[in-house]
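Keep the model open beside you as you read.

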Amino acid sequence: MDWHLLGLSFITVFLSELGDKSQLAAIALSGRSQSPRAVFFGTAGALLLTSFLGALAGGAVSEVLPTRLLKAIAAVGFAILAIRLLFFNNEE
């Protein structure tokens with residue numbers, strides 16, 4: 001097992017999920033329910049499944065496309081999102 005990659009993945013996902021809409025949904029659900037434990041296990045299971053599917057998809061795509069191209073696609077995608085957030089605000 002590559003412990004460095006494990007730690008890097010954990011830190012990246014942990015920091016990106018802080019204050020995410022899924023976390024806010026978990027807060028809202030646990031506030032309305034009598035069983036916060038069920039909300040915890042449900043949301044944790046959902047995060048595990050989506051992470052697992054993302055890792056599988058990433059592994060499959062990396063077999064077909066070179067890593068450099070995947071990084072370029074991700075960079076362009078994030079740049080487009082950043083430009084839309086900065087310049088094309090839909091609020092009046």
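Residues 69-87 form a span that is 100% helix and 0% strand, with end C-alpha atoms 27 Å apart. Helices here are DSSP runs (H or I, at least four residues; strands are E, at least two), numbered from the N terminus. Before going further, please note that this is a predicted model, in which local features need pLDDT of at least 70 and side-chain atom pairs count only at pLDDT 80 or more, while totals for chains, interfaces and linings use all residues. Residues are numbered from 1 along each chain as its sequence is written, and side-chain values use heavy atoms, leaving out hydrogens and water.

Now look at L85, which sits in helix α4 (residues 67-87). L85 counts as exposed because its relative accessibility is 70%; buried means under 20% relative accessible area, exposed over 50%, and partly exposed in between (1.4 Å probe, protein chains only). Between the C-alpha atoms of L85 and V61, 24 residues apart along the chain, the separation is 28 Å.

Next, how do two helices pack? Two packed helices are described by the angle between their axes and the distance between the axes. Helix α2 (residues 21-32) meets helix α3 (residues 36-64) at about 155°, and their axes are 8 Å apart; axes are lines fitted to C-alpha atoms, for helices over the stretch in contact, and angles run from 0 to 180 degrees between N-to-C directions. That angle makes α2 roughly antiparallel to α3, a label for angles over 145 degrees. The contact (heavy atoms within 4.5 Å) involves A26, L29 and S30 of α2 together with P36, V39 and T43 of α3.

Finally, F40 also belongs to helix α3. With 49% relative accessibility, F40 counts as partly exposed. The C-alpha atoms of F40 and L29 are separated by 9.7 Å, and these residues are 11 apart along the chain.

Definitions and conventions
Parallel < 35°, antiparallel > 145°, perpendicular 65-115°, else oblique.
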